Amino acid sequence: MADLQKLTIGKAINLGLRRAMEEDPKVLIMGEDVGKLGGVFRITDGLQKDFGEQRVLDTPLAESGIIGTAVGLAVRGFRPVCEIQFEGFIFPGFDQISSQVAKLHYRTQGKIKMPIVIRVPFGGGIGAVEHHSESPESLFAHIPGLKVVSVSNAVDAYWGIQQAIKSDDPILFFEPKKLYHSGAMKSEVDTDGTPDPLFKSRVVREGTTATVVAYGPSVKVALDAATAAEDEGKSLEVIDLRTLSPLDLGPVFESVRKTGRLIALSEAPSESSLTSEIAARVQQECFYSLEAPVLRVTGFDTPYPPAKLEEHYLPDLDRVLHTVDRSLAW
């Protein structure tokens, strides 16, 4: 019998971490304030109390040290889960991630595995200061040896974090922080069910007029736009990428061959980004099916702005609908 629980994304990740720790004593959680405080977003709330300070470790404010320690733990057979408090803090650990985490398995011809999960709250919309609202996922998707996941809903959050922890490959797990505790994003999670494969994209709303592909926090924007477009007689198909590296673009190709149009949606800047890759691949694979160029709705190619300006920076429903109209005008 299904064990259904209605969960927010934040609570789903918490329960997923808890289940992973119950099933495998080698799973450790480490990061800034993840223990007694339960993390600044309370995602690890209660875990140190129940599993102890030896398995849920409060670390110094040193991302390079957190990642470097995780590398040593992974070599010794542990499965460390590192929390980067905010995505903008990840760059002191970039050298460790790109030079060690991503390459040790290849460098040792498979003798050493790197079963490390790096959790990264990312994206804007929380009214924060500098370095707290960025979208650096494209940088990591570009590095061979890393896998990059971004969840948009509670079901994928609950199962995805467990699947990532069980993987022998290093995974960056990007979490949409503005949706952590959103009541509007609560969904029923069957905690005894069978999850979808981790590295597969998914059609989350079918349509025929145009395809909108998104990930993480942008999936909600795409779905809201599809609902609004329906009132105008337009049927938007929405695809959640779910995994950013490796990209599963098969469902996107299939959708574009049906609709003839694609809008790629992301909070990240457009220059040299995942939306760039998607546009290039779709135009390569679906050239004769396209009725219009692939168009993109993204953040701007500027540093993330002060909080009072972020609503003008972040892609919203109106920008998506305007881009759909541009596509249909070709």
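**Cores**

I looked up the largest nonpolar core: it has 45 residues, and Ile 116, Phe 140, Leu 172, Leu 241, Val 252 and Val 282 touch the most other members. By nonpolar core I mean buried Ala, Val, Leu, Ile, Met, Phe, Trp, Tyr and Cys residues joined through side-chain atoms within 4.5 Å, with buried meaning under 20% relative accessible area (1.4 Å probe, protein chains only). Helix 3 gives the largest share of this core, 5 residues; helices here are DSSP runs of H or I, at least four residues, numbered from the N terminus. Domain 1 (4–190) and domain 2 (202–329) both contribute, so the core lies between them; the bounds come from an automatic or database domain assignment.

This is a predicted model: local features need pLDDT of at least 70, side-chain atom pairs pLDDT 80 or more, while totals for chains, interfaces and linings use all residues. Numbering runs from 1 along each chain as its sequence is written, and side-chain values use heavy atoms, without hydrogens and water.

**Pocket**

Next I checked the largest pocket and noted 34 lining residues, with Ser 135, Pro 136, Ser 138, Leu 139 and Pro 269 nearest its centre. A pocket is an open set of points on a 1 Å grid over the protein atoms alone, where a 1.4 Å probe fits, with protein on both sides within 12 Å along at least five of seven lines; lining residues have an atom within 4 Å of a point. Helix 6 supplies the largest share of this lining, 4 residues. I also saw that each of domain 1 and domain 2 gives the lining at least three residues.

Conventions
Buried < 20%, exposed > 50% of the residue type's maximum accessible area, 1.4 Å probe, protein only. Helix = DSSP H or I, 4+ residues; strand = E, 2+ residues; numbered from the N terminus.
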